[in-house]
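Student: I have a model open and would like to learn how to read it. Please take me through the main features one at a time.

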Amino acid sequence: MFWFQACPRCQGDLFRTQDLYGSYIACIQCGYILTEGEERALEHAEGQDLPSQEPSLAR
Ligand SMILES: [Zn+2]
């Protein structure tokens, strides 16, 4: 799985990989590893047609 130009640090390409500790998403260009929250946002955005702002949920 790849996300092109999605790195928050360098706008490089991200890819999902895994090691003994589990899977994670890292940047090909700069080696940045996404936080859990950033991963979730990325995978959440994937299923949406519009990459617009998330609607603020009413509390
Ligand atoms: Zn990067």
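Student: How many helices and strands does the protein have?

Tutor: Helices (H or I, at least four residues) and strands (E, at least two) are DSSP runs, numbered from the N terminus. The protein has three strands and one helix, and along the sequence they follow the pattern β-β-β-α. Before going further, note that this is a predicted model, in which local features need pLDDT of at least 70, side-chain atom pairs count only at pLDDT 80 or more, and totals for chains, interfaces and linings use all residues. Residues are numbered from 1 along each chain as its sequence is written.

Student: In what order do the strands of the sheet lie?

Tutor: Strands of a sheet pair through backbone hydrogen bonds, either parallel or antiparallel. Two strands count as paired if DSSP finds at least two bridges between them. Here the three strands form an open sheet in the order β1-β2-β3, with antiparallel pairing.

Student: How many bridges join β2 to β3?

Tutor: Strand β2 (residues 14–19) is joined to β3 by six bridges, and a hairpin connects the two strands through two residues. Leu-14 has Cys-27 as its bridge partner in β3, while Phe-15 stands opposite Ala-26.

Student: Which residues make up the largest nonpolar core?

Tutor: In soluble globular proteins, nonpolar side chains tend to be buried together. A residue is buried if 20 or more other C-beta atoms lie within 10 Å of its own, exposed if 12 or fewer, and partly exposed in between, with C-beta atoms placed from the backbone. A nonpolar core is a set of buried Ala, Val, Leu, Ile, Met, Phe, Trp, Tyr and Cys residues joined through C-beta atoms within 7 Å. The largest one has five residues: Cys-7, Leu-14, Ile-25, Cys-27 and Leu-34. Of the protein's 59 residues, 8% count as buried.

Student: What is Ile-25 in contact with?

Tutor: Two residues are in contact if their C-beta atoms, placed from the backbone, lie within 7 Å. Leaving aside neighbours within four places in sequence, Ile-25 contacts Leu-14, Arg-16, Leu-34, Glu-39 and Leu-42.

Student: Is Cys-30 buried or exposed?

Tutor: Cys-30 is exposed, because 11 other C-beta atoms lie within 10 Å. Cys-30 sits in the loop between β3 (22–27) and α1 (36–46). Not counting residues up to four places away in sequence, Cys-30 touches Cys-7, Arg-9, Cys-10 and Gly-12.
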